[in-house]
Amino acid sequence: MKEKKQQPTTSKKSRHNILDWVEKQLMEVRAFDLGMSIQSREK
């Protein structure tokens, strides 16, 4: 875990990757919520 050399480009890249990951998580949660609401409607 050596993180002494931090360049602005790498930090920007990681931040972008984190945003992408968060968006994916939100999409998954939304899809899950939709699936749950559809299942609850069927009952």
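Biologist: Where is S40 found?
Modeller: Helices are DSSP runs of H or I, at least four residues, numbered from the N terminus. S40 is found in helix α1. This is a predicted model, where local features need pLDDT of at least 70, side-chain atom pairs count only at pLDDT 80 or more, and totals for chains use all residues. Residues are numbered from 1 along each chain, and side-chain values use heavy atoms, without hydrogens and water.

Biologist: What lies 2.8 Å from a polar atom of the S40 side chain?
Modeller: The backbone oxygen of S37 does.

Biologist: Why does W21 count as exposed?
Modeller: Because its relative accessibility is 53%. W21 lies in helix α1, residues 8-42.

Biologist: Which residues form a nonpolar patch on the surface?
Modeller: Patch residues have over 30% relative accessible area and no salt bridge, and nonpolar side chains (Val, Leu, Ile, Met, Phe, Trp, Tyr) are joined within 5 Å. Here I18, W21, V22 and L26 form the patch, with about 400 Å² of accessible area together.

Biologist: How many helices and strands are in the chain?
Modeller: One helix and zero strands. Buried residues make up 0% of the 43 residues.

Terms used: Patches are made of residues with over 30% relative accessible area and no salt bridge: like charges are joined within 9 Å, nonpolar side chains (Val, Leu, Ile, Met, Phe, Trp, Tyr) within 5 Å. Accessible areas come from the Shrake-Rupley method with a 1.4 Å probe; for residues, only the protein chains shown count as cover. A salt bridge is a side-chain nitrogen of Lys or Arg within 4 Å of a carboxyl oxygen of Asp or Glu. Helices (H or I, at least four residues) and strands (E, at least two) are DSSP runs, numbered from the N terminus. Buried means under 20% relative accessible area, exposed over 50%, partly exposed in between (1.4 Å probe, protein chains only). A polar contact is a pair of N or O atoms within 3.5 Å; within protein, one must be able to donate a hydrogen and the other to accept it, and residues adjacent in sequence count only if both atoms are side-chain atoms.
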